[in-house]
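Here is a short report on side-chain pairing and packing in one protein model. Have the chain and the coordinates open as you read.

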Amino acid sequence: MSDDQGLVAFAREIIGYAFDGMDADGADIQALALAHGLLVKEPYDPARHGPSMEAELGDDWYTFAGPLAALQPEGERSDA
């Protein structure tokens, strides 16, 4: 699936929640983004991801992927 196809599939699915009269919470959105290749889950590394007040070394950390990779927060490297 191309980057654009993942983004389109995510958009269609999340909009489908509204069409079906459902609400999407943060966990729903995160799961859909993972499923469609817009996020990747990796172990937190402060040298790579920057400082965090909540995460500790090795905790799950979610990073933009695919067409969203250009949106990395300042100070976070997008190279794997």
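The notes below cover salt bridges, an aromatic pair, the nonpolar core and some local features.

This is a predicted model: local features need pLDDT of at least 70, side-chain atom pairs count only at pLDDT 80 or more, and totals for chains, interfaces and linings use all residues. Residues are numbered from 1 along each chain as its sequence is written, and side-chain values use heavy atoms, with hydrogens and water left out.

**Salt bridges**

The whole structure contains two salt bridges. The term requires a side-chain nitrogen of Lys or Arg within 4 Å of a carboxyl oxygen of Asp or Glu.

| Salt bridge | Closest N and O atoms |
|---|---|
| Lys41 with Asp60 | 3.9 Å |
| Glu42 with Arg48 | 2.8 Å |

Lys41 sits in strand β1 and Asp60 in strand β2, so their pair ties together parts 19 residues apart in sequence. Helices (H or I, at least four residues) and strands (E, at least two) are DSSP runs, numbered from the N terminus. Lys41 is partly exposed, at 49% relative accessibility. Asp60 is also partly exposed, at 48%. Buried means under 20% relative accessible area, exposed means over 50%, and partly exposed lies in between (1.4 Å probe, protein chains only).

The other bridge has buried partners. Glu42 has a relative accessible area of 16% and is buried. Arg48 is buried too, at 10%.

Glu42 has a further partner. Its side chain makes a polar contact with the side chain of Thr63, at 2.8 Å. A polar contact is a pair of N or O atoms within 3.5 Å; within protein, one must be able to donate a hydrogen and the other to accept it, and residues adjacent in sequence count only if both atoms are side-chain atoms. Thr63 belongs to strand β2. It is buried, at 3% relative accessibility.

**Aromatic pair**

How many aromatic pairs does the structure hold? There is one. The ring centres of Tyr44 and Trp61 are 4.7 Å apart and the planes meet at 40 degrees, so the pair is tilted. Rings of Phe, Tyr and Trp (its six-membered ring) pair if their centres lie within 6.5 Å; planes under 30 degrees apart are stacked, over 60 edge-to-face, and the rest tilted. Tyr44 is in the loop between β1 (39-43) and α3 (46-49), and Trp61 is in strand β2 (residues 60-64), so the pair ties together parts 17 residues apart in sequence. Tyr44 and Trp61 are both buried.

**Core and local features**

The largest nonpolar core has seven residues, among them Phe10, Tyr17, Leu32 and Leu39. Such a core is a set of buried Ala, Val, Leu, Ile, Met, Phe, Trp, Tyr and Cys residues joined through side-chain atoms within 4.5 Å. Helices α1 (3-19) and α2 (26-35) each supply at least two of its residues.

Thr63 and Leu39 are 24 residues apart in sequence, yet 5.4 Å apart in space, C-alpha to C-alpha.

Asp25 caps the N-terminal end of α2, with a side-chain oxygen 3.1 Å from the backbone nitrogen of Ala27. Just after α2, Gly37 has a positive phi of about 75 degrees.
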